[in-house]
Amino acid sequence: MGEPYYITTAISYPNGKPHIGHAYEAIAADVIARFQKAMGRDVRFQTGTDEHGLKMAQKARDLGITPAELADEMTSHFIAMADALNVDYDVFIRTTEPRHHASTQELWRRMEANGDLYLDRYEGWYSVRDEAYYDASELIDGEGGEKLSPQGTPVEWTVEESWFFRLSKYQEPLLALFRENAEFIRPESRRNEMIAFVSQGLRDLSVSRTSFDWGVKVPGSDNHVMYVWVDALTNYITGLGFPHESGDYARYWPADLHLIGKDIVRFHTIYWPAFLMSAGLAVPKQVFGHGFLLNRGQKESKSLGNVTDPLALAERFGVDTLRYFLMRDVVFGQDGSYSPEAIVTRCNAELANSYGNLVQRTLSMIFKNMDGELVKFASAEADDKLLATVFEACHDELPREFAALNFSAGIDGWMRAVFACNQYVDEQAPWALRKSDPERMRAVLMTLFMAIRDLTIAIRPVVPTAADKVLDQLGIPGDERGITALAKADWFLARVATGERLSAPTPAFPRLELTEDEA
Ligand code: ME8
């Protein structure tokens, strides 16, 4: 078994159906998980839903149902979304599960035993939508002069008895963590924001509520439920069996990566490590705050009427196409925009016309001109050069960029290798060699066969279904589809030796056409 690699997404609020932002995060995490598996790592991938808190309680009240009913219904949509988008998680956690209550209460007891929790009164500006208190100095003025949180959500003045966590005590330890581990918060812009925020000084954090009861009960203080973020963040260790510190927890904690959106970086890089330090547990290795996805440059909202159902998008353009577009078009860490034109233009140019066409015409020629037979060949200089270029892109460049979460750069390197193959086809013109020099034609087609295998394995984490379809057509065994298999010597001779012929190929990526109302 390889080295462990533990990746998590944020757990989503199931107070409505999943939106494109949820789909984006789930897809990115799945690409990372599949990539790390392809690199030989023993991957654990967790996602789930954040079912407690005032936001859930209020939404359920508005709908005239219980919060549990709301959570059950909406969580089923999140699970369906993951399945539909080919998001291959290992654990889907729901914070209403009894094991999660037990785990969170144990974390609480440890923080209390360390002297970090005390009872006091809380007065402050609370945003239900963000489930967060804000300092008066952080508030902004709304259009009608009303107070808004820095995220632009309404805030209310709230007074209640509350447990407090001694966050102020962790200012120095957090700054030391950020200083000593430059990779702890990424991208760099988020890291700078958090350093600036902590440097200003940290106030103790209100971590319980008495005004409602939809949450995890505070041990020994039955009229309090924990602040939803205490319980939400703890999901990452509950899923590993905490408080049992053997087994999965021992193997996978600390997490290699918490993948989250830019709006919740503060919770993950300040509160969460402080809770963990307080409880005497290890902090995660990295938190990455990805950007927001905008619809033609605008935030989606019900009032603008531009909310897109990610499943409708996947159905319309194809799951692999949507996955490719999101990882290729958006610079990871920055905001991105999508539209039908952008998806169609990008995917037709790169997946259908460049990669798809390369595969289709090569396999058709092998099928028609060589009866689908694979043969040993003596390579010419141009063949070796092409294979070296492709190998460099697939074995070195793309994995190096993906490991650093630079997906669009990694795919860019891959695309250049696809272009090199297409240029090679045009220069070698295998169709013209059929009569004049059949041996050379075979060498050219076999070179392309080898190149396509490498290209397909490299891009497989992004477009798993289409890649497997191509690798099936090539006759590459299921256990030889990892990036680690690229460097395997003599794989081609072993493939030739099977004597298995290629069938007539079917296209991996058909061309997409925009409909009139999409244009
Ligand atoms: O924040 N584009 O849940 P959530 C990209 N329950 N990502 C987006 C986005 C957009 N337009 N909108 C939201 C929560 N996200 C908490 C998390 S974790 C212990 C608790 C991202 O359903 C958002 O940044 O509001 C977050 O990472 C995830 O979607 C879930 O958001």
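## Close-up views of a predicted model

**View A. Helix 1 against helix 11.** The axes of helix 1 (residues 20-38) and helix 11 (residues 319-329) come within 10 Å and cross at roughly 85 degrees, where axes are lines fitted to C-alpha atoms, for helices over the stretch in contact, and angles run from 0 to 180 degrees between N-to-C directions. Helices (H or I, at least four residues) and strands (E, at least two) are DSSP runs, numbered from the N terminus. The two helices, helix 1 and helix 11, are therefore roughly perpendicular to each other, a label given to angles of 65 to 115 degrees. Tyr24, Ile27, Ala28 and Val31 of helix 1 make the contact with Arg323, Leu326 and Met327 of helix 11, two residues being in contact if their C-beta atoms, placed from the backbone, lie within 7 Å. By class, this contact has 6 nonpolar, no polar and 1 charged residues; Ala, Val, Leu, Ile, Met, Phe, Trp, Tyr, Cys and Pro count as nonpolar, Asp, Glu, Lys and Arg as charged, and the others, Gly among them, as polar.

The model is predicted, and local features need pLDDT of at least 70, side-chain atom pairs count only at pLDDT 80 or more, while totals for chains, interfaces and linings use all residues. Residues are numbered from 1 along each chain as its sequence is written.

**View B. The shell around the ligand.** The ligand is surrounded by 18 residues, of which Ala10, Ser12, Gly21, Asp50 and Gly261 are the closest; a residue counts as near if its C-beta atom, placed from the backbone, lies within 6 Å of the molecule. Two or more residues each come from strand 1 (4-12), helix 1, helix 7 (228-238) and strand 14 (257-261), and helix 1 gives the most, with 4 residues. By class, the shell has 10 nonpolar, 5 polar and 3 charged residues.

**View C. Two cis peptide bonds.** Arg186 and Pro187 are joined by a cis peptide bond with omega of about -5 degrees, and Pro187 lies in the loop between strand 9 (185-186) and helix 6 (188-199). A cis peptide bond also joins Phe242 and Pro243, with omega about 10 degrees, and Pro243 is found in the loop between helix 7 and helix 8 (247-252).

**View D. Glu131 and its positive phi.** Although Glu131 is not a glycine, its phi is positive, at about 50 degrees, and Glu131 is found in the loop between strand 4 (117-127) and strand 5 (132-134). Glu131 is buried, with 21 other C-beta atoms within 10 Å, the cut-off for buried being 20 or more other C-beta atoms within 10 Å of its own, with C-beta atoms placed from the backbone.

Key: Angles under 35 degrees count as roughly parallel, over 145 as roughly antiparallel, 65 to 115 as roughly perpendicular and the rest as oblique. A residue is buried if 20 or more other C-beta atoms lie within 10 Å of its own, exposed if 12 or fewer, and partly exposed in between; C-beta atoms are placed from the backbone.
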